[in-house]
Amino acid sequence: MKFSGFKVVKEALTGHAGWKPLWRDPDPQPAYDIVIVGGGGHGLATAFYLASVFREQRVAVLEKGWLGSGNIGRNTTIIRSNYLLPGNEPFYEFSMKLWESLEQETNFNSMVSQRGIINLIHTDAQRDAYRRRGNAMLLAGADARLLDREALRKLVPFLNYDNPRFPIKGGLMQARAGTARHDGVAWGYARGADQRGVDIIQNCEVTGFRIENGKVLGVDTSRGFIGAAKVGVAVAGNSSRVMSMAGMRLPIESHVLQAFVSEGLKPTIPGVITFGAGHFYVSQSDKGGLVFGGDIDGYNSYAQRGNLPVVEDVLEGGMALMPMIGRARLLRSWGGVMDMSMDGSPIIDRTDIDGLYFNGGWCYGGFKATPASGYAFAHLLSTDTPHPTATAYRFDRFARGYVIDEKGVGAQPNLH
Amino acid sequence: MTRLSTGGLIDRETQLRFSFNGRSYTGHPGDTLASALLANGVQLVGRSFKYHRPRGVFAAGSEEPNAMVELRSGARQEPNTRATVAELFDGLVARSQNHVGSLERDLLAINDLFAPFLAAGFYYKTFMWPKAFWEKLYEPAIRRAAGLGTLSMRPDPDSYDKGFLHCDLLVIGAGAAGLAAALTAGRAGAQVVLAEEDFQLGGRLLSERDSLDGAEASLWVTKMREELQSLANVRLMPRTTVFGAYDHGIYGAVERVADHLPTPGDRVRQSLWRIRAKRAILAAGAIERHIPFAENDRPGIMLAGAMRAYANRWAVTPLKNATDRVAVFTNGDDGHRTALDLMAHGVPVLGVIDTRADAPRFGDYRLFAGATITGTKGRHGLTAIQITQGSKAAWYSVGALGVAGGWNPNVHLASHHRGRPVWDEGVLAFLPGPNGPHGLIPVGAAAGKGGVANALADGMQGAITALGQIGLAAKPIPLPQAENTPATQEAFWHVPGRRRAWVDFQNDVTVKDIALAHKENMRSVEHLKRWTTLGMATDQGKTSNISALAVMAELTGKTIPQTGTTMFRPPYTGVSLAVLGGGDTGPHFRPKRLTPTHYWASARGASFIEVGPWMRAQFFPQPGETHWRHSVDREVLAVRAGVGICDVTTLGKIDVQGADAGEFLNRVYANMMGTLKVGMVRYGLMLREDGHAYDDGTCARLAEDHFIVTTTTANAAGVYRQLEFFRQCVWPDLDVQLISTTDAWAQIAVAGPKSRMLLQRVVDDADISNAAFPFMACRALTICGGLRARLFRISFSGELAYELAVPARYGHALMERLMEQGADLGVTPYGTEALGVLRIEKGHAAGAELNGQTTAQMLGLGRMVSAKKDSVGAIMSRREGLAGDKRRLVGLKPVTAQTPVAAGSHLFTRRAVQDMANDQGWVTSACYSPHLESYIALGFLEDGENRLGEVITAANPLEGQEVAVEVVSAHFVDPDGGRLRD
Amino acid sequence: MLIPHPLLGPRDAQEFIYLGDATLMHRPDATRPDAEAAFCDYVFLRHNPAGVHRELWFHEAGDRSWLVVTRNTVTHEIIGAELACDVKLGVTQ
């Protein structure tokens with residue numbers, strides 16, 4: 001079934017009798033060519049590109065809960081490609097380009113909205129660092145603009161420019177950045193993959209890998225053994241747990257990141273804004289809620305919930321930056337498990353076990369990477385070679401000394 | 001008027017004026033905005049989110065989905081305020097929200113006509129063509145239509161505060177169960193906090209006609225309040241919502257200190273409390289649910305329990321016209337109470353429509369047993385309902401309808417730690433599960449134990465149990481005589497039908513939407529929520545979630561517990577963003593650290609700059625200087641030609657003592673430190689364990705077992721932490737002690753060819769001649785006639801220079817003394833800008849070069865990493881990726897001296913295509929050098945050490961600049977270091 | 001969260017800075033032949049358990065002691081806290 005305005009009108013006039021399930025609920029086949037573990041954003045995107053671009057015929061996605069229940073279901077929906085380092089920037093720009101044509105490819109409105117992101121500048125040193133970054137973005141074919149105070153004021157007049165503690169001196173803007181409706185991304189990929197023959201199997205938890213002579217044969221699941229020539233793991237929030245079943249330790253720690261949404265408000269904030277002197281970033285959803293977040297809580301956690309100090313820290317930043325939001329109310333807060341890697345950058349690579357592939361360590365930046373991560377992982381799974389934009393995301397970069405450390409804080413995951 | 005002539009907990013003697021949508025009304029103290037509006041016959045109070053349906057007050061508490069207003073005006077405008085909890089005050093101004101044009105004639109009500117096109121998830125299926133129209137056309141239109149209330153866009157003028165409370169027992173909710181718990185614990189001498197979201201204690205006791213000890217319940221409540229107030233160990237906190245249960249018995253609460261006043265005056269508006277409770281009692285009661293039926297969203301239809309509350313507590317009938325009648329729709333005994341209460345107040349009652357065929361009768365009213373409601377009429381207020389009994393359907397004119405679908409225990413806080421609530425087939429509701437927050441005990445209606453007698457006993461027992469767990473003995477207290485009202489009901493969840501039956505009022509989710517979600521395979525609860533937006537409105541589905549689950553369960557043929565529950569997450573109700581920030585905004589956003597010479601510099605007109613938490617003097621403008629460069633150039637030249645002084649206190653200082661201090665420093669510095677002679681200083685480089693450069697500074701040896709380590713300003717805390725880590729966690733066997741002395745010593749740099757001359761005038765009797773006190777010497781001495789001080793002959797500027805440290809409280813005086821003594825030498829105070837220029841001229845690395853991504857080799861310090869010993873990071877610095885990195889720190893000088901180079905420019909070979917593949921490095925720091933009369937810069941360049949003399953391009957496409965620069969030594973000034981040693 | 005400081009009693013976690021896995025106390029011997037591999041393992045790889053985790057917290061806004069805290073990463077329950085130097089010196093387990 002193709003979605004369109006015409007279809008919506010037709011169904012409205014005929015009592016919505018013709019809508020079909022967005023995806024099937026198939027029983028698992030005994031074996032597949034490729035099994036993706038994890039029905040979150042990255043897993044579903046991988047399946048979609050495996051089927052649509054790489055023409056893989058026998059693909060399954062195994063999800064222990066409901067599809068889209070990973071971090072794709074709880075994030076702050078920001079998409080951007082404003083990275084500094086050559087290991088990262090081309091990959092995220094590739095992702096940005098995939099975002100720009102996502103809805104036409106999946107025939108599903110994921111509400112990709114390029115309303116821009118502005119990183120605020122409060123010190124001369126910050127301006128120098130952002131100039132280096134903005135130039136790196138341009139050199140990688142992305143867009144970037146350095147805004148002075150007055151140009152910034154025209155775009156976002158409601159900020160507290162003369163904050164007595166850290167006045168705003170300008171900003172680095174990426175106009176093509178923005179937000180996307182996070183669940184819509186998962187659903188668009190899921191529906192697109194399902195239509196192309198991928199079996200998406202919900203409520204199917206992987207309980208072990210079957211490995212013989214250094215080669216993976218398939219996975220044991222809560223719904224029995226499923227054979228696979230190749231197994232790709234994309235289980236953000238559970239990477240260490242799942243890979244430990246294959247005997248691996250990862251350069252990853254899991255931390256909790258809280259995020260917040262306010263009650264619905266009429267249009268208030270045009271794009272995405274990030275504070276440069278505290279931990280606060282914000283955008284407004286199409287439904288009207290201010291969606292915002294800040295720093296991770298800072299301790300290892302799988303609890304999917306955080307604590308008050310970070311809530312306070314985030315709103316101290318929010319109120320210092322835009323004191324006009326004070327009388328809005330917090331509607332909901334939640335916590336997601338972030339697989340924080342040792343250099344703050346992800347891994348898309350083969351493992352030492354033949355046929356077992358890993359995609360993870362996205363820290364709190366996985367959402368924006370969803371399309372490129374799926375594409376690059378599909379590329380690796382199907383062709384056994386890394387996608388050209390993802391060649392740096394190897395496991396051995398840590399041992400060999402080629403870390404991709406945007407923040408320059410070293411092997412301390414809670415600082416990335 | 002529809003105010004009853006008697007009764008209610010309102011002060012009828014006092015009139016409060018207020019306005020709604022520009023019309024003036026009056027109410028009384030004790031009213032909420034909702035009760036006052038109803039008392040004035042105002043039924044239509046808002047519009048729904050999606051279809052802009054006319055809506056009236058639905059509930060009597062914080063679960064209200066419909067009656068949302070913009071409260072107050074100007075910068076205090078407060079969107080999405082629930083009229084049902086807004087306490088009335090004189091002069092209150094409120095407006096309805098989310099409509100275009102008037103509330104009565106909302107132009108966007110047209111959405112309702114198009115409702116078939118706007119079914120659940122419609123927007124995911126359209127608006128995709130043409131592509132460019134999303135941001136330009138569709139989305140702006142959607143955004144304008146969406147949202148609810150409006151922010152004033154002006155800074156919040158009120159102040160906020162936060163605080164900590166500690167107690168043995170936190171009691172959440174002051175209804176029957178909460179009051180019994182608080183009094184039990186209070187009399188036992190425990191430290192008790194009783195938090196109640198309402199402005200009056202009593203909970204449902206105020207809304208029902210239950211009697212306690214044969215008298216009105218409110219009399220008992222008053223007695224309880226008075227006794228609790230008299231107990232010093234009990235803190236009563238009305239107007240306080242406990243919004244979240246956090247780890248280890250910490251609860252977040254907001255006290256609305258001044259929301260019931262026209263303006264806060266000199267008080268804070270709200271306070272955020274972090275309550276650390278050894279145990280907590282959840283006595284938050286229950287929230288009534290409704291029964292979806294066709295066209296069930298008209299103003300005038302409300303929860304039956306809310307109807308009782310308005311009649312009993314606020315003496316308000318839900319009727320617009322006194323001549324109308326009220327009906328009640330119920331699936332259990334509870335709805336009958338509403339009919340009885342209204343009749344007792346003299347309100348005409350059509351009857352009770354009970355879904356049960358064998359419905360009991362409790363009084364003299366018409367009973368429609370085994371009946372349902374299958375339709376309603378009335379555009380802006382209910383006028384008629386259709387009652388279907390068996391095959392017979394008939395219309396009845398009514399002015400209001402109460403709906404009683406059963407009560408959901410308020411399990412919200414009990415589920416904040418992700419423990420799932422458990423379905424109870426007996427009470428037909430989810431009860432708090434076994435995995436709630438540690439130490440939280442649900443009691444009374446919140447635990448599914450409804451009825452006043454049950455609640456009182458359970459509250460008391462809960463307190464005894466809780467205190468027992470922390471070793472405090474509490475005795476049972478005498479409880480008042482009370483009864484439990486009959487509360488049987490049947491599992492009847494919605495009235496089937498073809499017309500729209502609302503489940504979630506605010507977000508306009510109907511039974512049909514749930515059916516559509518089911519059809520489209522959005523069947524898991526989370527998919528249902530996300531596809532239909534059910535439960536995502538400001539009420540977080542408090543009145544709708546269970547009904548929706550029941551409908552989905554029916555469609556899938558599963559039970560309700562099989563269908564699942566959704567997660568409950570903080571906050572319990574909306575919390576203003578301002579109070580979560582507390583008072584830590586504006587100038588108080590972060591603490592300011594001031595240097596010992598701050599006020600001295602301030603008095604001299606210095607311009608200050610934020611350096612992390614510090615405020616540092618940036619430069620000292622003199623009369624006639626109109627541009628910061630004038631001041632900075634003058635300060636730089638003064639240092640190079642004469643003597644300048646600068647406060648460098650912010651650099652970290654760590655005192656390292658002990659027999660093994662040398663060995664310890666050998667292990668934490670990349671270079672050798674143990675061999676340093678007493679009385680000497682050495683430059684030191686620290687690596688992170690991953691081999692990258694971390695921090696640099698100096699290390700001075702004052703005695704065999706006494707060193708002083710200095711760090712950069714930015715890393716002062718981090719280096720100290722790292723050294724303590726190695727001392728305590730890795731090598732606790734070493735005899736070494738550390739203390740951070742950054743704040744203890746004021747440190748002043750005295751730099752320039754005349755610096756020794758100046759210092760000789762303040763030093764008491766020490767010989768600081770070049771021979772006696774050479775470059776990199778240090779010693780403890782006295783100055784100014786006996787003041788203990790430390791002198792280090794070190795230089796950041798490249799000139800003959802010293803740093804002089806005195807106890808911090810003498811920093812200001814020392815600065816004054818140096819100025820006075822150096823007047824004839826032209827002593828010049830300089831700030832961070834000049835400091836920066838001087839260090840770039842000398843080629844010293846600072847934050848832009850030591851940015852955590854660079855290596856010792858890149859900084860030209862590769863040889864400092866000693867191969868003779870193990871030290872932190874040494875092994876890892878030898879990995880191929882680091883050892884093979886050919887980028888080197890170089891100096892860059894524009895071919896035309898007056899062309900500025902921007903830090904952050906990228907470096908390219910001349911005429912190379914400027915793209916990422918050809919990127920050769922970047923400019924880290926840049927400035928104008930008044931000494932060289934040229935712009936200069938530092939940068940990292942591929943193979944830089946072999947490219948001196950080459951002209952390359954510094955490209956800054958971001959600002960459209962491209963500058964030809966010559967690669968030179970990073971040491972622009974005195975490359976041989978002769979000046980340092982003179 | 002509250003950290004049960006062995007010397008100071010329960011202290012708000014906000015007073016502490018978190019470092020991570022307590023295995024960081026076991027810095028490899030730099031003289032061993034496979035030192036580089038051992039350091040890579042030490043610096044970068046983690047068990048990252050969902051459950052009981054021994055981890056290092058620094059009482060930065062307090063007495064500046066490093067603690068080994070045993071905490072459940074799923075429930076956040078704290079099972080114990082010891083002075084890191086005692087642990088390292090074998091005074092406690």
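In this predicted model, the side chains of B:R204 and B:E208 form a salt bridge, with 2.7 Å from N to O. A salt bridge here is a side-chain nitrogen of Lys or Arg within 4 Å of a carboxyl oxygen of Asp or Glu. Side chains of opposite charge can pair when their charged atoms come close. Are the two partners buried or exposed? B:R204 counts as partly exposed because its relative accessibility is 30%, while B:E208 is buried at 10%. The cut-offs are these: buried means under 20% relative accessible area, exposed means over 50%, and partly exposed lies in between (1.4 Å probe, protein chains only).

A word on how to read the model: residues are numbered from 1 along each chain as its sequence is written, and chains are lettered from A and ligands numbered from 1 in the order in which they are written. Local features need pLDDT of at least 70 and side-chain atom pairs count only at pLDDT 80 or more, while totals for chains, interfaces and linings use all residues; side-chain values use heavy atoms, leaving out hydrogens and water.

| Pair | N to O distance |
|---|---|
| B:R204 and B:E208 | 2.7 Å |
| B:R3 and B:D31 | 2.5 Å |
| B:D247 and A:R305 | 2.9 Å |
| B:D870 and C:R27 | 2.8 Å |

Take B:R3 and B:D31, which are both buried. B:R3 lies in the segment before β1 (16–20) of chain B and B:D31 in the loop between β2 (23–27) and α1 (33–39), so their pair ties together parts that are 28 residues apart in sequence. Such helices (H or I, at least four residues) and strands (E, at least two) are DSSP runs, numbered from the N terminus.

Next, look at the salt bridge between B:D247 and A:R305. This pair crosses between chains, from the loop between β13 (240–245) and β14 (250–255) of chain B to the loop between β15 (290–300) and α9 (308–321) of chain A. B:D247 counts as buried at 2% relative accessibility, and A:R305 counts as buried at 9%.

Salt bridges can also link up: one network includes A:E263, A:R327 and A:R329 from chain A, along with B:R72, B:D156 and B:R269, among others, from chain B.

**Where chain B meets chain C**

Here, 29 residues of chain B are in contact (heavy atoms within 4.5 Å) with 31 residues of chain C. The two chains bury about 2,500 Å² between them, 63% of it on carbon and sulfur atoms. Buried area is the accessible area (1.4 Å probe) that two parts lose on being put together, summed over both. Four salt bridges are found across this interface. Which elements of chain B give two or more residues to the side that touches chain C? They are β15 (270–282) and α17 (716–730). α17(B) gives the most, with nine residues.

**A look at chain A**

Chain A has 11 helices and 18 strands. Its C-alpha atoms fill a box of roughly 65 × 65 × 40 Å, taken along the principal axes. Of its 416 residues, 72% are buried. Among contacts in chain A between residues at least 6 apart in sequence, 74% join residues at least 24 apart.
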